[in-house]
Structures are given as C-alpha cells and as structure tokens.
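Here's a quick tour of one model, going from helix packing to rings and charges. Have a look at it first, then read on.

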Amino acid sequence: MNFKQNSTSTTGWPLSSIPPRLSLLGLPILCISTLNTPITSTASPQNSGHSASDPGCHSLNIYSCLSDPTFLDLSVMSPSSSPSSSGPTTSYLEQTVSLLSTVASYMRLPALASTGPDLPFAHAPNARTEVPRPSQFGIKDFEELVIPTNDGEKLSAFYIRGPRSGRLSNCTIIMFHGNAGNIGHRLPIARMIINYIGCNVFMLEYRGYGLSTGEPDEKGLMLDAQTALDYLRDRAETRNHKLIVYGQSLGGAVSIKLVSKNQSKGDVVGLILENTFLSMRTLIPSVIPPAKYLTYLCHQVWPSESVIPSITEVPILFLSGLQDEIVPPAHMRKLFELASTPTKVWKPLPGGDHNSSVLEEGYFEAISDFVSNVASDEARQKS
C-alpha cells in the first residue's frame with residue numbers, strides 16, 4: 001500500500017437519583033452525590049443540536065453540531081452553602097470531593113448519557129427525544145432504521161448512501177460517536193464523508209442514547225457494535241462492502257474492541273481512531289490525579305491499551321488533537337506505539353482539542369487518503 005506515515009511529535013440529589021450511566025466514567029459519583037453536589041450542564045450555541053440552517057450553526061456551516069456537544073460541569077458548593085458537617089473525617093471528605101469536582105469542572109469531563117426526563121441533570125437537552133434527521137442537512141439518499149439486538153433492545157440508526165456511481169460506492173464507514181448527544185449531532189461529519197470522500201456511512205445509536213432503548217454499559221455497547229456490524233454483513237446491499245470502523249473518543253474504545261474480534265473475515269479493511277483513551281482506569285488519574293486510588297472502583301474498563309496490539313490484520317489511522325483537554329494526547333500516541341498492525345498512520349492535529357479536531361485542516365484529507373488506500377482493490381491485493 002502507498003501509505004505516508006507521519007511521525008510528527010506529538011442540588012443535592014439523593015444517592016439513588018444518580019444515574020448508573022455515570023459509572024462508565026469511573027468518577028467517584030457516590031461521594032459527590034452524598035455531599036449534595038450540584039451537577040449542571042454547559043453547552044456552546046453551535047453544539048446544541050441545531051440544524052445547519054440555525055443561526056447558532058451558521059458560522060460552522062457543515063461542521064455545526066459536532067461531537068460531544070455538551071459536558072457536565074461538576075461544581076461544588078462553597079463552604080458557606082454546603083451542608084453542615086461534623087468531625088474531621090467529614091471535613092476531609094468534603095475537601096477531597098471539592099478538589100476532584102473542581103478538576104472535573106475545569107476538564108469539562110463529559111458524561112456518558114443523554115438527557116431523559118428521569119435524569120437529575122440537564123445534559124444535551126432533549127437528546128433522548130430530539131434527534132436531527134439527515135434531511136435537515138441536505139442529505140437525500142438515506143434510510144432511518146430500527147435494529148433489534150439479541151438482548152431485546154431496539155437501536156436507532158441511519159444508513160446514508162454516497163454517490164452510487166462513485167469509485168467508493170462499495171465502501172461503508174461505520175461511525176461510533178463520543179459519549180454525549182446522539183447520532184443526529186454527527187450528521188455534518190457524515191455529510192462531509194459522503195460528499196468529500198464518496199463512501200456510504202452507517203451511524204448506529206448506542207442503547208440509552210437518542211431514540212434507542214435501554215441503558216448503556218460496556219457490555220451493552222459492545223453488543224450494540226457487533227449488532228451493527230452483523231447487520232451490514234447480512235444486508236443485501238452491503239454484504240459485499242468493504243467496511244471501515246470509525247470511532248471518536250468513547251467510540252474509539254468501542255471500535256478497537258469490535259475490530260479486534262472481527263478482523264479475520266477480511267471485510268473490515270480499516271480502523272479510524274480520534275482522540276480516544278488507553279483505558280478508563282488509565283484516563284481517570286490523568287485528568288484527576290487524586291482519584292488514582294479510586295480507579296479500582298471503576299467497573300467499566302474499556303481496556304484499549306491491552307486490546308489494540310491484537311489487531312494485526314487491519315490498518316489503523318490515528319487522528320490526534322494535540323490540544324485535547326479531556327483525553328491527554330499521550331494516550332493516542334501510546335496507542336499508536338502499541339499498535340502492531342503492519343500499517344498504521346499517525347495524523348497529528350496541532351490545534352485540535354477534544355471536540356474541535358474535526359475542524360482542523362487536514363482532518364478529512366487524512367481520512368480520504370486512508371479510505372482510498374484501504375478500500376481500493378489494488379491496495380487490498382498488494383497487502
């Protein structure tokens with residue numbers, strides 16, 4: 001294959017009301033909730049789920065409403081407004097939680113769930129009920145799907161066709177998004193892929209997100225990912241397609257595990273990773289150092305650092321925002337170094353942070369070059 005490898009350096013909610021979804025972060029939510037820590041949401045106007053024609057998205061054009069549109073702001077009440085405490089143990093606990101929460105607030109640590117009426121925080125307002133549709137972004141050739149899983153959930157999905165006569169019409173990119181919002185918020189990315197790159201896009205909504213049923217956890221999300229891949233393998237239109245798995249942030253961890261278990265058949269020809277982490281237990285101390293003693297409580301592991309070396313038959317493109325304020329860029333670089341696949345491509349995005357990397361110059365060009373190489377028959381024969 002003709003790859004060019006770039007190695008440039010690199011308010012008081014009760015305990016029972018805290019949703020189990022947050023445990024995917026491994027954050028000490030139990031401590032925070034017992035101290036009546038308020039959880040609020042912050043969101044920028046352009047990332048609020050508007051359609052491309054909305055004023056809030058006008059300046060971003062097709063890049064509006066991109067990944068991870070909202071974040072939890074874990075702020076702590078001041079001592080004067082916090083519940084009264086007694087004894088040094090409680091005081092120490094309050095100070096510890098205050099520190100962790102302040103750091104989390106600064107890092108804008110993202111939540112792993114979208115809003116529902118039962119949740120005690122405002123996260124991606126209406127993201128469980130309001131999902132932008134492809135037609136809102138000028139996409140005409142698409143299907144809205146509901147796909148059942150083996151454990152009884154129903155997953156929402158979009159299948160979007162690229163140019164039917166294009167050279168990549170037999171290639172489909174499977175998108176797994178980050179941990180906030182829903183698939184509708186990533187439609188501008190899908191539109192850029194079909195228009196600029198020319199392949200098809202399949203967007204799956206995880207359980208507990210958007211219009212999909214269920215509650216998310218690591219096991220469930222992996223079942224969802226496998227359901228998506230099996231659906232494309234069984235669907236008449238796509239069963240002979242070359243498939244490229246593309247994951248952003250949390251979606252990168254999903255993608256790594258999926259590809260590691262499905263590389264031998266030969267239909268998965270590429271893996272694209274953007275700003276993902278080594279593992280959840282490794283990520284927590286990176287962003288909240290005092291929490292390193294609590295990582296054993298994190299029951300959602302996402303062990304990408306131990307899984308990625310097992311991918312030996314699928315080329316990987318690493319898209320790393322070097323200004324990422326949530327996942328340290330060193331995580332992506334380490335994943336690149338751990339990857340044992342013969343073909344791996346490192347694409348640094350010097351000005352990209354966790355959510356804006358997709359706006360960086362060269363982002364889609366890197367994806368286009370990678371897809372063209374791994375999806376072409378000539379490239380596959382040479383490999």
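## Two helices in contact

Glu218, Leu221, Met222, Ala225, Gln226 and Leu229 of helix 5 touch Leu250, Val254, Lys257 and Leu258 of helix 6, where contact means heavy atoms within 4.5 Å. The residues of this contact split into 7 nonpolar, 1 polar and 2 charged; Ala, Val, Leu, Ile, Met, Phe, Trp, Tyr, Cys and Pro count as nonpolar, Asp, Glu, Lys and Arg as charged, and the others, Gly among them, as polar. Keep in mind that this is a predicted model: local features need pLDDT of at least 70, side-chain atom pairs count only at pLDDT 80 or more, and totals for chains, interfaces and linings use all residues. Residues are numbered from 1 along each chain as its sequence is written, and side-chain values use heavy atoms, with hydrogens and water left out.

How do the axes run? Helix 5 (residues 218-234) and helix 6 (residues 250-261) have axes that come within 10 Å and cross at roughly 65 degrees. Axes are lines fitted to C-alpha atoms, for helices over the stretch in contact, with angles from 0 to 180 degrees between N-to-C directions. Helices (H or I, at least four residues) and strands (E, at least two) are DSSP runs, numbered from the N terminus.

## Ring pairs

There are 6 aromatic pairs in the structure; rings of Phe, Tyr and Trp (its six-membered ring) pair if their centres lie within 6.5 Å, and planes under 30 degrees apart count as stacked, over 60 as edge-to-face and the rest as tilted. One of them is phenylalanine 202 with tyrosine 231, stacked at 5.8 Å centre to centre with 25 degrees between the planes. That pair ties together distant parts of the chain, 29 residues apart: phenylalanine 202 is in strand 6 (residues 200-204) and tyrosine 231 in helix 5. Phenylalanine 202 is buried at 0% relative accessible area, while tyrosine 231 is partly exposed at 21% (buried means under 20%, exposed over 50%, partly exposed in between, with a 1.4 Å probe and protein chains only).

Tyrosine 363 and phenylalanine 364 pair edge-to-face, 5.0 Å centre to centre and 75 degrees between the planes. Phe176, Tyr206 and Tyr209 make up one aromatic cluster.

## Charges over rings

Arginine 235 puts its charged end over the ring of tyrosine 159, 4.6 Å from the centre. Lysine 344 lies over the face of phenylalanine 336, at 4.7 Å from the ring centre. The criterion is NZ of Lys or CZ of Arg within 6 Å of the ring centre and within 35 degrees of the ring normal.
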